[in-house]
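Please look over the sequence and the structure before reading on.

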Amino acid sequence: MERVAIGTERAPDVIVVGGGAIGLACALTLAATGRRIVVLERGRTGAEATHAAAGMLSPIGEAVGPDPLLWLGLDSLARWKEFAAELETDSGVGVDLRFDGKLLVARDLASAQSLRKRKAWISEAGLDAEWLEAPEVALREPAVDGAVAGLFLPQEGQVDNRALARALRIVVEQSGCSIREGSQVAELDVVGGHTRGVRLIDGTRLACDLVILAAGAWSGHVAGLPRPLPVRPVKGQMLALETGATAPFVRSVVETESCYVVPRSPDPGSPTHEVRAWVGATSEEVGFTRGTTSEALESLRTAAVTIIPSLTRARVIDAWAGFRPGTPDGCPVLGRDPDVEDLVHATGHYRNGILLVPITGHLCRCAVEGHGDARLNSFRPDRFGS
């Protein structure tokens, strides 16, 4: 296949399939190497999982134990301050990065026992976690009601994921990359174990030297892969509340077994400057079924009010749903494909997509340039077999 030019541009060295935060971060890091890069996005950049996320940076809170995903998440967390500072400087967009911690709340004895087990492995791993009895929970977060116990994770934080998407797009374009929205990739063109380019759903064929697969929940639907890629959509519904107050109702993200509540800064365009609360999230195996349901949203609102009664007065200002890219083991798919030399995977981030943005960009560049990183072995594209 000839290296077909895209519009008036020269044919790219690299095509990034997917324009969410992960794909844009990969494009940004590779642009620094001088490569010509085109990002192909099926819809609008940052409009799918990136837009739907809560923006939490929670490697410990999301972990099931001291496994490779935890250490990858902690590495990425440590990169966020520098990453965000550079983004804000270069784009002029504030991403509201905060490290206010996360409070895990137990509302019954069984949940408290589960938290104690979590505290044990966190401490054994040499990480910070503060055990709180009920009175201490009340002192830390007076708005929280009905706590039997709590576990506070001081390292964790959040970022405005929607502002992040805007900032990433600006700096990616500033770096010389081309972004094509409304360009859905249907198939990889693979010849003799090498990627020659891609074919779009409208039949257009585009040539390149290397493809980065970062299409989120849609990654497994791209034809031409050397083996089935078990990345599936896991739907999550969320809602946003306007709290009726200009002061924060909680300092940290608060999470129970039923929901999490994320305190968000006031919308700059709001005349009332009221603090917002984002409440999430369902986890549904319903394929690509879009839209929200009244039952799910009412369940989330009830769970939020149960743990933070002051939210009874809050009004719903928005609700949405998105598709997390899930995998059988809940871990991302990263690195060069062992059977197609010019294909690099950066997908399957499930609940940790925003957290893993900085480290995924770094590891993508390592994979492309052949530097190697031992951590990639845990997230190999072929680990699921054929």
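The text below treats the helices and their packing, and then several loop residues.

The model is predicted, so local features are reported only at pLDDT of at least 70 and side-chain atom pairs only at pLDDT 80 or more, whereas totals for chains, interfaces and linings use all residues. Residues are numbered from 1 along each chain as its sequence is written, and side-chain values use heavy atoms, with hydrogens and water left out.

## Helix H4

Helices (H or I, at least four residues) and strands (E, at least two) are DSSP runs, numbered from the N terminus. Helix H4 covers residues 109–124, 16 residues in total. From the first C-alpha to the last, H4 reaches 23 Å, close to the 22 Å expected at 1.5 Å a residue; the expected span is 1.5 Å times one less than the number of residues.

Residues are called buried under 20% relative accessible area, exposed over 50% and partly exposed in between (1.4 Å probe, protein chains only). The buried residues of H4 are Ser111, Ala112, Leu115, Arg118, Trp121 and Ile122. They pack against helix H3 (68–91) and against strands E4 (102–106), E5 (130–133) and E6 (149–153); contact here means heavy atoms within 4.5 Å.

Both ends of H4 can be described. After H4 comes Gly126, with a positive phi near 80°.

## Helix packing

Axes are lines fitted to C-alpha atoms, for helices over the stretch in contact, and angles run from 0 to 180 degrees between N-to-C directions. Angles under 35 degrees count as roughly parallel, over 145 as roughly antiparallel, 65 to 115 as roughly perpendicular and the rest as oblique.

| Helix pair | Axis distance | Angle |
|---|---|---|
| H3 and H6 | within 9 Å | roughly 65° |
| H1 and H6 | within 10 Å | roughly 30° |
| H3 and H8 | 7 Å | about 100° |

The axes of H3 and H6 (residues 161–174) cross at roughly 65°. H3 is therefore roughly perpendicular to H6. The crossing of these two helices is left-handed, a term for a near helix turned anticlockwise from the far one by less than a right angle, with right-handed used if the turn is clockwise. On the H3 side the contact involves Trp80, Phe83, Leu87, Asp90 and Ser91, and on the H6 side Leu164, Ala167, Leu168, Ile170, Val171 and Gln174.

Helix H1 (residues 21–31) is mostly covered, with nine of its eleven residues buried. Among them are Ile22, Gly23, Cys26 and Leu30. Because the axes of H1 and H6 cross at roughly 30°, the two helices are roughly parallel to each other. H1 also passes H6 in a left-handed crossing. Ala21, Leu24, Ala25, Ala27 and Leu28 of H1 meet Leu164, Ala165, Leu168, Arg169, Val171 and Val172 of H6.

H3 and H8 pack at an angle of about 100°. This angle makes H3 roughly perpendicular to H8. The residues in contact are Leu72, Asp75, Ser76, Arg79, Trp80 and Phe83 of H3 with Val357, Pro358, Ile359, His362 and Leu363 of H8.

## Loop residues

Asn352 is found in the loop between strand E19 (343–347) and helix H8 (357–369). Its relative accessibility is 9%, so Asn352 counts as buried. Leaving aside neighbours within four places in sequence, Asn352 is in contact with Ser58, Glu62 and Leu69. Tyr350 lies in the loop between E19 and H8 and has a positive phi near 50°, in a residue other than glycine. At 23% relative accessibility, Tyr350 counts as partly exposed.

Glu285 lies in the loop between strand E16 (276–280) and helix H7 (294–307). Glu285 counts as exposed because its relative accessibility is 52%. Not counting residues up to four places away in sequence, Glu285 touches Arg232, Pro233 and Val234. The side chains of Glu285 and Arg232 make a polar contact at 2.9 Å. Such a contact is a pair of N or O atoms within 3.5 Å; within protein, one must be able to donate a hydrogen and the other to accept it, and residues adjacent in sequence count only if both atoms are side-chain atoms.

Ala281 is in the loop between E16 and H7, and a cis peptide bond with omega of about -20° joins Gly280 to Ala281.
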